[in-house]
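Trainee: I would like to go through this model term by term. Please show it to me before we start.
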Amino acid sequence: MAESVELPNRLAILPFRNKVLLPGAIIRIRCTSPSSVKLVEQELWQREEKGLIGILPVRDATETTSVGPTLSPGVATDSGEGSSKIHLGTSDSHKFDGKNQQEFIHWHTRGVAARALHLSRGVEKPSGRVTYIVVLEGLCRFSVQELSTRGTYYTARIASADMTKAEMEQVEQDPDFIVLSRQFKATAMELISLLEQKQKTGARTKVLLETVPVHKLADIFVASFEISFEEQLSMLDSVDVKVRISKATELVDRHLQSIRVAEKITQKVEGQLSKTQKEFFLRQQMRAIKEELGDNDDDEDDVAALERKMEGAGMPPDIWKHAQRELRRLKKMQPQQPGYGSSRVYLELLADLPWQKASEELELDLRAARERLDSDHYGLVKVKQRIIEYLAVRKLKPEARGPVLCFVGPPGVGKTSLASSIAAALGRKFVRISLGGVKDEADIRGHRRTYIGSMPGRLIDGLKRAAICNPVMLLDEIDKTGSDVRGDPASALLEVLDPEQNKTFNDHYLNVPFDLSKVVFVATANRVQPIPPALLDRMEVIELPGYTPEEKLRIAMRHLIPRVLDQHGLNAEYLQIPEAMVKLVIQRYTREAGVRNLERNLASLARAAAVRVAEQEHSLPLTKDVHHLGSPLLESRLADGGEVEMEVIPMGVSNHEISTAFRVSSPFVVDEAMLEKILGPPRYDDKETAERVSSPGVSVGLVWTAFGGEVQFVEATAMVGKGDLHLTGQLGDVIKESAQIALTWVRSRAAELKLASTEGVNLLEGRDVHIHFPAGAVPKDGPSAGVTLVTSLVSLFSQRRVRADTAMTGEMTLRGLVLPVGGIKDKVLAAHRYGIKRVILPERNLKDLVEVPSTVLGNLEILLAKRMEDVLEHAFEGGCPWRQHSKL
Ligand code: ADP
């Protein structure tokens, strides 16, 4: 700090608006106005030895109160420097004709001479305006005698306003001054100690207190407080050091008091922090600690998010109350606590379930629905008609509870895809729930939450997945549910399908009722028999028999091949499967009622073709493109440093587009050799039956399984024994009894059938009979093998071969009557598939033939039997020669 300053007569004046720079204070200012920039440039920047400038407070004219003397600008010209001169005036305000043209400015008559401690120059972008940042230190007071302008800034003739050295020395002897000084120092010390306690930064200030004269200290202290402009002015005007010190003491004391009061208030407020605030702080701390430990799973936020989700779930009031209760419980728990996890999962389920969210009911367009069914499925005329009827009723009376449609048929006949077409026609989501192998009631209804690992049942789970309350829900393989000690899933399904009960479906896990009434249920089954009658009663069965080879061919050509090609990114330009080849695939590689294996085989062909197309396309387009680009072009681009342009096939284009991007010269046409190469040697041929029945004792039966109709061979053989009957091939009780009946009937008719020379001969004398049903691993049961068993036994005992082109089905009574059986349509289709030409059926099954497609019937000879003899007559080459001897 400068001890004594030689003040020049004239100082360039920098006006400070509503602010005072006191001696001893250091201030950093940014000069941007043209006049101040000019001043800094000329008075400070361009001078080798940095001079002094005067800081003069000015007051806005709007502030009317005036403290101390003010200057009013005049218009005289400073002759020496060619600048305008401003005289001291007495009035409070004058219009000033300068930069701030329209403003009235009050110049204070006292200012402080200041020295620049630091200067930096900057250029603003983009205007190019020059600015300065100046650090100024206030040095000593001066009073203005005359104010004038120099160019764009002011100058003033000044005189020092500080006491001279002699005057100072005199004052220092003044007892008043001594008392005042002591008082000031004591107060200042107190302030420093207080600040020291709080911030521990008082040491330097304490040194100041001992080394700097009191009248300067007074300025320094006051300069560091935030006091009003008026107080600052009055401090500046305190030229008399006694006045200055006493004012400063007052201000320091006031500052001290205000710090004390603020401290008291803080203590009081802290004491009054409420419990919740404390908890809040503690939680914040806990979170910080967790974060530090990397343990931050933000449980609290999660719970809040869960709560929000629950609020938006649209739960009915009762359930909302229940959910809130559970949520309150959750909030009280720690995440580590047992039960927290399960409680959360439960609430998540409640929040996720579509209590009200439904997909918009489209105005059902029956014509569009019909078109969609037709475009998705070949044939199935009756089935489609029934579906259209069903949809029509829904359209007319949406709230009507129509029966639940149940598609019954062998695998791969299109049950699932029909159900999904229904969903598409109704514009609803489609959810498939597989019931195959469900033996536990809890699979449908869920486990109670008291069990560890408990879950909701499949229905609730399906609805959660669908996220809407009115999907089309497919109960797949409803015939495959069984019951055991763990309850009866069928009874739970009964509740689901009953329109009266499913409004309040009770899932054990959920433990609150859920309304299933808006769900459209559709079921599928392979067979009707295993479905419990009560359940069957709620459903309308729509049978989908297997397809004839011709139908399969049409389905393959129209639906399966285009779909398979598309799935493999191919089209007809790459792979062509001629009709003849599809026929071969149907005959030699598949023997099924539906088209699932057919689709699989076609997919194998497509895969093989895809590999070859992919291999070809590698070489083709690349070589072409390189030629096109030409090396000079490439080189020049690289030389320029430019990037080589690349053509990128956008992702997400359909397979079709990709395949057209790589065009090959000619498509692959599947031929027989390719079939064998890709699919292997043929699996089935028409010779199988002939080979199997080449020895006596084998007959061809037609049975009905979950896979539709099947051809079932029955083999009988005799060996030395004690007259026992052995049965093998995983047979059920009914079929075993049929075998007994067959043997009894043959034995009792041995003579008539010319199996024994005389009456009363025991056919089993010294020998056992063994009957086997091949495909020994597949369980078999049912009465319809009766006629086949008899035929095989007659063939065995007569040593005559059964016709290889003839298959049969029918139940037989002990007296030889042939009774009707079920599944005629499927059985006839199966016979046709196997290349069988003649089918022996019970006479009373004649009516069932209406359902068999005429194309199939046209290829078959149907032989009707009333009695066992009729069967035998048809089964053997040249008829049954023993018949005329029969007494029956
Ligand atoms: P399911 O449910 O009866 O076992 P899917 O519905 O899964 O059979 O059908 C198997 C495949 O066969 C599906 O790709 C389906 O589209 C097709 N499919 C079955 N029947 C037809 C048909 N009549 N027309 C067109 N495609 C069919």
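What follows is a talk about the terms used for this structure and the values behind them.

Mentor: This is a predicted model; local features need pLDDT of at least 70, side-chain atom pairs count only at pLDDT 80 or more, and totals for chains, interfaces and linings use all residues. Residues are numbered from 1 along each chain as its sequence is written, and side-chain values use heavy atoms, with hydrogens and water left out.

Trainee: What makes up the secondary structure of the protein?

Mentor: It comes to 30 helices and 28 strands. Both are DSSP runs, numbered from the N terminus: helices are H or I with at least four residues, strands are E with at least two.

Trainee: How much of the protein is buried?

Mentor: Buried residues make up 44% of the 888 residues. Buried means under 20% relative accessible area, exposed over 50%, and partly exposed in between, with a 1.4 Å probe and protein chains only.

Trainee: Why is N18 called partly exposed?

Mentor: Its relative accessibility is 25%, so N18 counts as partly exposed. N18 lies in the loop between β1 (10-17) and β2 (26-31). Its phi is near 55 degrees, a positive value in a residue other than glycine.

Trainee: Why is Q799 called exposed?

Mentor: Q799 has a relative accessible area of 53%, so it is exposed. It sits in the loop between α27 (786-798) and β24 (806-808). Phi of Q799 is also positive, near 55 degrees.

Trainee: What are the values for α13 and α14?

Mentor: Helix α13 (residues 381-396) has 16 residues and reaches 23 Å from first C-alpha to last, close to the 22 Å expected. The 12 residues of α14 should span 16 Å, and its end C-alpha atoms are 17 Å apart, which agrees. After α14 comes G427, with a positive phi near 70 degrees.

Trainee: Which residues of α13 are buried, and what covers them?

Mentor: The buried ones are V383, K384, R386, I387, I388, Y390, L391 and R394. Their cover includes α12 (366-376), β11 (404-408), α14 (415-426), β16 (520-525) and β17 (539-543). Contact means heavy atoms within 4.5 Å.

Trainee: Why are α12 and α13 called roughly antiparallel?

Mentor: They pack at an angle of about 155 degrees, with axes 10 Å apart. Axes are lines fitted to C-alpha atoms, for helices over the stretch in contact, and angles run from 0 to 180 degrees between N-to-C directions. Angles under 35 degrees count as roughly parallel, over 145 as roughly antiparallel, 65 to 115 as roughly perpendicular and the rest as oblique. So α12 and α13 are roughly antiparallel.

Trainee: Which residues make that contact?

Mentor: L366, A369, R370, L373 and D374 of α12 meet K384, Q385, I387, I388, L391 and A392 of α13. They divide into seven nonpolar, one polar and three charged. Ala, Val, Leu, Ile, Met, Phe, Trp, Tyr, Cys and Pro count as nonpolar, Asp, Glu, Lys and Arg as charged, and the others, Gly among them, as polar.

Notes:
Expected span 1.5 Å × (residues − 1).
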